[in-house]
Structures are given as structure tokens and as C-alpha cells.
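Have a look at the protein shown here and take your time turning it around.

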Amino acid sequence: MKTLASRYYGLVALAVVMALLPLALPNAFYYDVAIRIAINAIVVIGLNLLIGYTGQISLGHAGFFGLGAYASAILATHFNWPAPVALAVGAVATGLLAFAVARPILKLKGHYVAMATLGLGIIISIVITNEAKYTGGPDGIAVPAFSLFGLDIAGEKMWYGVVAALLVLVTWFALNLIDAPAGRALQAIHGSEIAAKVVGVDTTRFKVRAFVLSAVLASIMGSLTAHYVGFVTPGLAGFFHSIELVTMVVIGGMASVFGSIIGAALLTMLPQVLSAFEGWETVIFGAILMLTMIFLPRGLVPTLRLRLGKERT
């Protein structure tokens with residue numbers, strides 16, 4: 001009960017922080033960083049449900065992000081579809097693709113799952129790059145503004161309000177999912193898939209659901225990113241973006257919703273902070289990640305929670 005209460009205290013705290021944060025953002029640059037943090041956090045929450053709670057590693061999630069971005073870009077630019085419809089179609093198409101590949105991929109174990117998802121992400125990235133007629137190829141493609149009921153979502157303040165509300169909503173959904181029987185089934189699979197099968201958990205079905213859910217969240221945020229930035233390139237679906245998302249999960253803390261948010265915030269802000277160290281920012285960035293994993297092996301939030309719990313006892 002204490003853990004449950006602390007989770008919802010955390011949700012209220014998150015809502016308060018997101019509501020008050022604009023008071024501390026002096027200009028458009030800081031709004032932009034905050035928006036990107038919220039976008040990454042939502043994607044990472046979905047990915048953490050797959051990696052942290054279910055124990056299934058995915059190294060190709062940027063591919064789903066890119067699919068959502070390019071679905072919105074292509075449908076809105078070449079076919080003049082309304083932005084919400086293009087977003088929904090992209091999310092459904094991504095979900096169907098994830099569902100189609102999930103069963104054969106998730107039958108694999110351990111590192112083979114990671115390699116299979118890596119291959120899927122690479123295939124998506126190559127297709128996006130090569131289909132230049134629709135995607136613009138390596139040069140990318142412009143994306144029109146997101147219009148909803150005749151109102152264009154434009155400007156950093158309006159976009160911040162949208163993604164902040166979505167972050168609170170997705171966090172609430174994830175916390176409820178974890179506390180539901182489905183969430184306990186996912187954690188049972190992570191603990192021991194054989195034991196979960198013994199007690200009657202349909203492990204394949206729950207792994208597929210987690211995979212599809214995380215893919216759809218990535219697609220939706222890819223679509224919103226496309227409309228927010230106004231331009232997309234194949235790098236959104238690239239391997240390094242996938243690694244960045246997984247790193248956010250690991251640094252913040254696997255099997256921790258709030259760890260996902262912290263990890264996304266840190267890894268989104270760090271490149272901006274380290275830009276002052278010309279020529280050394282990549283080295284310092286790598287050293288910080290290495291030291292974090294040495295001294296906080298479970299990730300920031302779970303390790304700090306464990307240590308604070310020991311001090312109180």
C-alpha cells in the first residue's frame with residue numbers, strides 16, 4: 001500500500017511540476033528542451049514496459065518512432081490527409097506491423113531478441129531512406145502544422161501544453177497497468193517465464209501486447225515530433241536513436257515509470273549542458289554514463305529508492 005501511495009504521490013508531483021515549469025522557462029530554447037524531454041519520456045515509458053517490466057530487449061524502437069513520423073509526413077504532405085487521421089493511421093499501421101513480427105521475434109530468447117529487433121529497426125530505416133519518392137530520401141521531408149478542429153498547434157507554449165498533458169496521462173496509464181493483473185503478469189514473465197507459465201500466464205500473449213503497446217506509443221510520439229519540428233529525416237528511425245532510448249531506460253531505472261522520465265530528462269539535457277566543453281562533450285558524456293552504471297547499477301530511481309529505504313530502517 002505504501003508503494004502504491006508513493007506512486008500516485010509521484011503522479012501528482014509530476015502534474016504539479018509540469019504545470020509550474022513554464023514559470024521557470026525563460027525563452028523558446030528552454031521550452032524546446034522541455035518538449036523534447038516530454039516526448040522522449042513518453043516513448044521511454046512504453047519501452048520500459050517492454051524491457052524493464054517484461055524483460056524483452058528491443059534495439060529497434062526508433063524504427064517505430066520513424067514509422068509514425070513518416071506516416072504523418074507522407075499522408076499529410078502528399079495526400080493532404082488531416083493530421084489527426086494521419087497520426088491515427090500511422091499508429092494503427094505500426095501496431096499491426098509490431099503485432100505481425102512480435103510472435104516470431106518474441107519466441108527467441110535473450111540476445112537473439114535484441115538482434116532480431118535491431119534487424120527490424122535497420123530494415124525500417126533502410127526502407128525510409130530508399131523510398132525517396134515519398135520520404136524525400138536522406139534529405140528528409142517537410143511536415144505541415146498539426147491542425148485539430150481548425151486550430152493549428154503552433155509555438156512552443158502550445159506544444160508544451162500538449163506534450164505535458166500527454167506525459168501525465170501516459171504516466172497515469174502506465175502506473176495503473178503495472179498495478180493491474182496484466183502488469184503483474186508482465187513482471188512474472190520477467191522474473192521467470194517458466195514459472196509464469198506454470199501458474200497459468202499466457203506469456204506469449206502478454207509479451208506481444210507489451211511489444212505492440214510500446215510500438216504504438218513510439219509511433220504516436222514520432223508523429224507529434226514530425227509536426228512539432230516541421231521536418232523529418234531518416235535519422236529519427238536510426239540505430240543510434242534506438243540506443244539512446246534504451247540508454248534512457250537503463251540510466252533512469254528499469255521497471256520504474258518515474259525512472260523513465262528521469263532518464264529521458266537527463267539524457268536529453270546532458271548534450272545541451274556539455275556543449276560548452278568543445279571537443280570533449282562525447283568523452284564526458286560517456287564517462288558520466290559509465291560511472292552511473294558502476295555506482296548506480298539498477299538505474300537512478302530504483303537505486304536511490306533502495307538506499308533511502310535502508311537509511312530509514
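Predicted model: local features only at pLDDT ≥ 70, side-chain atom pairs only at ≥ 80, totals over all residues.

The protein chain has a mean pLDDT of 91, and 96% of its residues reach 70 or more. Among the elements of the chain, the highest mean pLDDT, 97, belongs to helix H3 (residues 61–77), while the lowest, 74, belongs to helix H14 (residues 300–312).

**The second largest pocket**

Rolling a probe the size of a water molecule over the atoms shows where empty space is left. The second largest pocket has a volume of about 390 Å³. Its lining is made of 15 residues, and those nearest the centre are Arg36, Asn40, His241, Glu244 and Thr268. Which helices each supply at least two residues of this lining? They are helix H2 (28–53), helix H10 (203–229), helix H11 (239–252) and helix H12 (257–274). H2 gives the largest share of the lining, with five residues.

**Charged pairs**

Side chains of opposite charge can pair when their charged atoms come close. The count of salt bridges in this model comes to four, and the table shows three of them, including one with Arg36 from the pocket lining.

| Salt bridge | N to O distance |
|---|---|
| Asp32 and Arg36 | 3.0 Å |
| Lys109 and Glu193 | 3.3 Å |
| Glu193 and Lys207 | 3.1 Å |

Start with Asp32 and Arg36. These two residues are four apart in helix H2, so about one helical turn separates them. Arg36 has a relative accessibility of 36% and therefore counts as partly exposed.

Now follow Lys109 to its partner Glu193, with which it forms a salt bridge. Lys109 sits in the loop between helix H4 (83–106) and helix H5 (111–130), whereas Glu193 belongs to helix H9 (residues 193–198), so their pairing ties together parts that are 84 residues apart in sequence. Are these two partners buried or exposed, or something in between? Lys109 is partly exposed, with a relative accessible area of 48%, but Glu193 counts as buried at 16%.

Glu193 also meets Lys207 in a salt bridge. Glu193 lies in helix H9 and Lys207 in helix H10, so this pair links parts that are 14 residues apart in sequence. Lys207 counts as buried because its relative accessibility is 2%. Through shared partners, the salt bridges join Lys109, Glu193 and Lys207 into one network.

**Two single residues**

Helix H10 also holds Ser223. Ser223 counts as buried because its relative accessibility is 0%, and the cut-off for buried is under 20%. Which residues does Ser223 touch, not counting those up to four places away in sequence? They are Gly68, Ala69, Ser72 and Leu87.

For a contrasting stop, find Leu306 in helix H14. Leu306 is partly exposed, with a relative accessible area of 37%. How many residues separate Leu306 from Phe29 in sequence? The two are 277 residues apart along the chain, and in space their C-alpha atoms are 36 Å apart.

How values were computed:
Residues numbered from 1 in each chain as written. Heavy atoms only, no water. pLDDT = per-residue confidence, 0-100. 1 Å grid on protein atoms, 1.4 Å probe; cavity = no way out; pocket = protein on both sides within 12 Å on 5 of 7 lines; lining within 4 Å. Points joined across faces, edges and corners; volume = space filled by probe spheres on them. Salt bridge = Lys/Arg side-chain N within 4 Å of Asp/Glu carboxyl O. Buried < 20%, exposed > 50% of the residue type's maximum accessible area, 1.4 Å probe, protein only. Contact = heavy atoms within 4.5 Å.
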